[in-house]
Amino acid sequence: MSLGINRAWVALIDNKTNKIITGIDGINGSAADKSGIFQADVESAMGLVGFNMTNMAGSQTDIYGSNRVVWISQGKAAPQGVLTANAFPHMVLNRMLGRKEKGNGGFEAAGQNGAYVALLVESAETFDIEEPLYVGFYKAIGQDPSQNMQTNNASDQRQTNDITFKAAERGTDGFGAWYYVDAPAFSKQKMFEDFFPGADVTAFANGGADVAPGDHGHATSNASD
């Protein structure tokens with residue numbers, strides 16, 4: 001089904017309009033940011049560790065009639081996924097989690113998250129690492145429910161960022177989508193426009209250029225796909 005995990009893209013989304021929030025109020029917190037998209041990769045987050053999706057299908061119930069199963073009732077799915085990165089930038093992480101800023105370098109430690117995000121993850125086809133495979137949620141709320149700090153010993157006791165994203169439906173679009181690059185109608189531009197409506201996705205869609213930390217929305221010169 002998939003092979004490894006390469007990178008991911010995350011953006012804050014307006015809960016009412018379902019449009020990506022850009023500029024100073026976006027996930028990158030920069031007035032010059034026209035994309036509102038943060039690319040999580042080796043350069044920006046020390047690499048991704050995994051994306052574990054669950055509850056992608058609803059429960060099934062047998063409906064009986066005349067001593068046999070005549071129908072299978074299928075409940076609503078409740079998708080969620082745990083995205084693990086070695087180290088999200090602090091500011092991006094706190095904006096993603098909707099934590100209130102205290103104005104002195106601090107953010108609230110716990111509380112309700114009202115920040116919705118759009119999330120797209122890149123893996124690869126099971127037997128072809130060179131052929132990308134994409135999946136993500138159109139609209140989700142992230143949580144960082146626990147951290148367990150321990151003493152270093154013969155080994156470093158390092159904690160990763162394990163963010164649980166609970167998906168909501170974006171209007172009539174559903175929870176999200178899979179994208180396959182070998183599909184005849186596939187377009188990277190249209191895929192990014194699908195997940196990040198209203199954002200300038202040019203740097204991410206054209207050539208798959210990597211984006212350097214602090215330079216989101218502008219492709220680096222040494223990028224490769």
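Me: What pattern does the protein chain follow, read along the sequence?
Reply: The pattern is β-β-α-β-β-β-β-α-β-β-β-β-α-α. The protein chain has 4 helices and 10 strands. Helices (H or I, at least four residues) and strands (E, at least two) are DSSP runs, numbered from the N terminus. This is a predicted model, where local features need pLDDT of at least 70, side-chain atom pairs count only at pLDDT 80 or more, and totals for chains, interfaces and linings use all residues. Residues are numbered from 1 along each chain as its sequence is written, and side-chain values use heavy atoms, with hydrogens and water left out.

Me: Why is Thr-84 called buried?
Reply: Its relative accessibility is 12%. Buried means under 20% relative accessible area, exposed over 50%, partly exposed in between (1.4 Å probe, protein chains only). Thr-84 therefore counts as buried. Of the 225 residues in the protein chain, 40% are buried.

Me: Why is Gly-176 called partly exposed?
Reply: Gly-176 has a relative accessible area of 31%. That value is between 20% and 50%, so the label is partly exposed. Gly-176 lies in strand E10 (residues 176-180).

Me: What makes the side chains of Thr-84 and Asp-162 a polar contact?
Reply: The pair is 2.9 Å apart. A polar contact is a pair of N or O atoms within 3.5 Å; within protein, one must be able to donate a hydrogen and the other to accept it, and residues adjacent in sequence count only if both atoms are side-chain atoms. At 2.9 Å, the pair is within the cut-off, so it qualifies. Thr-84 itself sits in strand E6 (residues 80-85).

Me: Which residues does Thr-84 touch, not counting those up to four places away in sequence?
Reply: They are Leu-48, Val-49, Gly-50, Thr-160, Asn-161 and Asp-162. Contact means heavy atoms within 4.5 Å. Leaving aside its neighbours within four places in sequence, Gly-176 is in contact with Gly-136, Phe-137 and Tyr-138. Across the protein chain, 64% of the contacts with a separation of 6 or more join residues 24 or more positions apart.
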